[in-house]
Amino acid sequence: MFRKLTALAALMTALAAPAGAETLRLGTEGAYPPFNFITPDGKVTGFDVEIGLALCEKMGVTCEVVAQDWDGIIPGLLAKKYDFIIASMFITEERKKQVAFSDPYYMAAMTHVVPKESGITEFTPETMKGKVIGAQAGTTQADYITALYPDADIRLYPTQDDANLDMASGRIDLEVGDMLPMLDWTTNTEDGACCELAGEPITDPAFVGDGVGIAMRPADTDLLARMNAALKEIRADGTYKAINDKYFPIDVYTMK
């Protein structure tokens, strides 16, 4: 069903362009609310997507949205399935080996999520020994729990929703996720009411990198320059704020 929705979403989000106009393809996951998700009628939307489309408008190009499973999102870019990725991707040194990143378009932080009244307040290798800890596979959150909690029972999931489902069902003791989606899940959804954020925000640059950026192929230096210029424009003219305020109570660009 997801793949059928993906194909429909790509079709429905393609914007009609005049003959000869430049068209770019925006790659996103479509399974990471509120940043990117597919609505019941097949539309790909969310903070990431709206920011991406605003950048396209500033660059004077037509953009088509393509949804792609997370584990294939960088390979899809390198295979030219789309021209840039805007999918809440942390800027890390490891990813820089494969792609070029724009300036950050929002700040990055991760968090622990635990069941309410779990009594879990300390997050050290010793206190996590034997605990069942979950995260989405292929993410910096997965890297974090694997590195920090070597004696835990690590469970990795294809999507964040899958991890959340096991968290709500009591099959894992805690999970690590991106702070803003986890805050949204625990405060604004019925199943997320099971749980709460715990501990200090995880901001170690070794895992959260230099913020969240837009990924492009390294050879696309002109597109990178245009993207950075457009990002400055939407910050300056209020476009970014208008999109931000639809989804978050704080400015995610500064986390204030």
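This is a short chat about a few local features of a predicted model.

User: Before we start, what are the ground rules here?

Analyst: It's a predicted model, where local features need pLDDT of at least 70, side-chain atom pairs count only at pLDDT 80 or more, and totals for chains, interfaces and linings use all residues. Residues are numbered from 1 along each chain as its sequence is written, and side-chain values use heavy atoms, with hydrogens and water left out.

User: OK, helix H10 then. Which residues are buried there?

Analyst: Tyr 240, Ile 243, Asn 244 and Tyr 247 are buried in H10, which covers residues 239-247. Buried means under 20% relative accessible area, exposed over 50%, and partly exposed in between (1.4 Å probe, protein chains only). Helices are DSSP runs of H or I with at least four residues, strands are E runs of at least two, and both are numbered from the N terminus.

User: And how do they sit around the axis of H10?

Analyst: Seen down the axis, they fall within an arc of 100°, so they line one face of the helix. That arc is taken from the directions from the helix axis to the C-beta atoms. As a rule, an α-helix has 3.6 residues a turn, so residues three or four places apart point the same way.

User: What's on the face turned away from the buried side of H10?

Analyst: Lys 241 and Lys 246, both exposed.

User: Is Pro 33 buried, partly exposed or exposed?

Analyst: Partly exposed, because its relative accessibility is 34%.

User: Which residues have a positive phi although they're not glycine?

Analyst: Lys 80 is one, with phi about 65°, and Glu 117 is another, also about 65°. For background, most residues other than glycine have a negative phi, and most peptide bonds are trans.

User: Where are those two?

Analyst: Lys 80 lies in the loop between helix H3 (73-78) and strand E6 (84-90). Glu 117 is in the loop between strand E8 (110-115) and strand E9 (132-136).

User: Buried or exposed, Lys 80 and Glu 117?

Analyst: Lys 80 counts as exposed because its relative accessibility is 54%. Glu 117 is exposed as well, with a relative accessible area of 81%.
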